[in-house]
Amino acid sequence: MQNFTDILYNLKVDCIGSGPERHERPHKPLMLLAALEMIDLGVADCAAIPWNQELLSLFTERFEVVKQRNDSDTPENPFFYLRSEGFWNPVLQASAAPLSDRPRRKDLGNVTALLSKAIQQHINTANKRAEVRELLISRYFPEHRQALLALASLPTPLPSAAQAHKPARGAAFKRKIAELYDDCCAACGMRIKIPKLNVSFIDAAHLIPFADEFNDHPSNGIALCKHHHWIMDRGLISPGPDLTWHVSHAFDARRSPAESELLALQGKDLLLPKDEAFYPSQRALEYRFEKLVAYHV
Ligand SMILES: [Zn+2]
């Protein structure tokens with residue numbers, strides 16, 4: 001099985017809306033949050049999540065927190081379509097026959113989702129479930145962290161420093177960002193990808209540091225080559241809220257061709273993902289822009 005963190009960070013979800021309102025549909029990660037809660041409450045075990053009124057209520061409660069324009073409260077969609085993730089198998093309870101379509105309200109109590117053995121080992125204790133809940137919130141709903149945690153019956157501690165720097169989490173974020181930016185540096189466009197060796201030259205840079213807000217949403221990241229990542233982390237270049245690059249006046253073109261090249265980045269557009277749903281957020285860009293080293297140092 002593919003790394004579980006990677007699976008959670010790469011759920012196959014559609015995007016909806018246009019312009020700044022465009023966003024990923026929240027249903028699949030919300031259904032997983034509701035399922036974790038069912039287990040925590042003792043009304044489901046980690047092998048099977050029943051399609052019942054309790055699940056629907058837990059889903060709706062969370063949906064009300066995160067919904068955006070154009071979203072509708074349709075738990076039947078993720079309950080059925082989560083099957084494409086490989087660990088969630090909706091079946092008829094009586095015969096264990098796979099469902100052929102989304103369950104309806106009249107099917108309440110007659111349908112269940114069987115969870116694969118591979119996922120069960122990641123959710124079979126309260127601590128592990130808290131960690132999965134934390135990953136889902138960091139990746140999909142960081143802006144709603146407090147409200148979603150308040151709905152959980154068991155406490156979810158904030159990630160420890162060790163969890164924040166867990167290689168699996170960092171690697172999952174990096175793979176998502178690299179995919180969205182097609183392995184191109186958002187500053188210079190450099191792209192080196194060797195699929196057979198699983199080598200990409202691209203780093204996923206957080207705009208607001210993960211340790212500050214536990215935010216792994218792709219709109220808090222940007223793909224950069226090692227060179228531009230290093231320079232941005234020192235506040236010498238920054239993407240701006242205007243989606244162009246800004247360069248510190250600490251550089252002097254007369255000193256070296258490298259500095260001259262960096263200065264030429266001033267005013268150039270960011271090289272962005274195809275889908276606007278994943279553009280860097282204005283708030284994250286403003287945060288980073290404020291870190292740009294003062295013009296005269
Ligand atoms: Zn670059």
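Author: The largest nonpolar core has 77 residues, and those with the most contacts inside it are I49, W88, L136, I222, L224 and W245. A nonpolar core here is a set of buried Ala, Val, Leu, Ile, Met, Phe, Trp, Tyr and Cys residues joined through side-chain atoms within 4.5 Å, where buried means under 20% relative accessible area, exposed over 50%, and partly exposed in between, with a 1.4 Å probe and protein chains only. Helix α2 (residues 27–40) gives this core its largest share, nine residues, helices being DSSP runs of H or I with at least four residues and strands being E runs of at least two, numbered from the N terminus. At least three residues of the core come from each of domain 1 (2–163) and domain 2 (166–295), with bounds taken from an automatic or database domain assignment. In soluble globular proteins, nonpolar side chains tend to be buried together.

The model is predicted, so local features need pLDDT of at least 70 and side-chain atom pairs count only at pLDDT 80 or more, while totals for chains, interfaces and linings use all residues. Residues are numbered from 1 along each chain as its sequence is written, and side-chain values use heavy atoms, with hydrogens and water left out.

The side chains of D40 and R129 form a salt bridge at 2.6 Å, N to O, the term meaning a side-chain nitrogen of Lys or Arg within 4 Å of a carboxyl oxygen of Asp or Glu. D40 is buried, because its relative accessible area is 13%, and R129 counts as buried at 9%. In the whole structure, a search finds 24 salt bridges. Another of them joins E64 and K67, whose closest N and O atoms are 3.1 Å apart; E64 is partly exposed at 43% relative accessible area, and K67 counts as partly exposed at 41%. Through shared partners, salt bridges join E37, D40, E61, R62, R129 and R133 into one network.

A further salt bridge links the side chains of E21 and R69 at 3.1 Å, N to O. E21 sits in the loop between β1 (15–16) and β2 (23–24), and R69 in the loop between α3 (53–66) and α4 (76–81), 48 residues apart. E21 counts as partly exposed at 36% relative accessibility, whereas R69 is exposed, with a relative accessible area of 60%.
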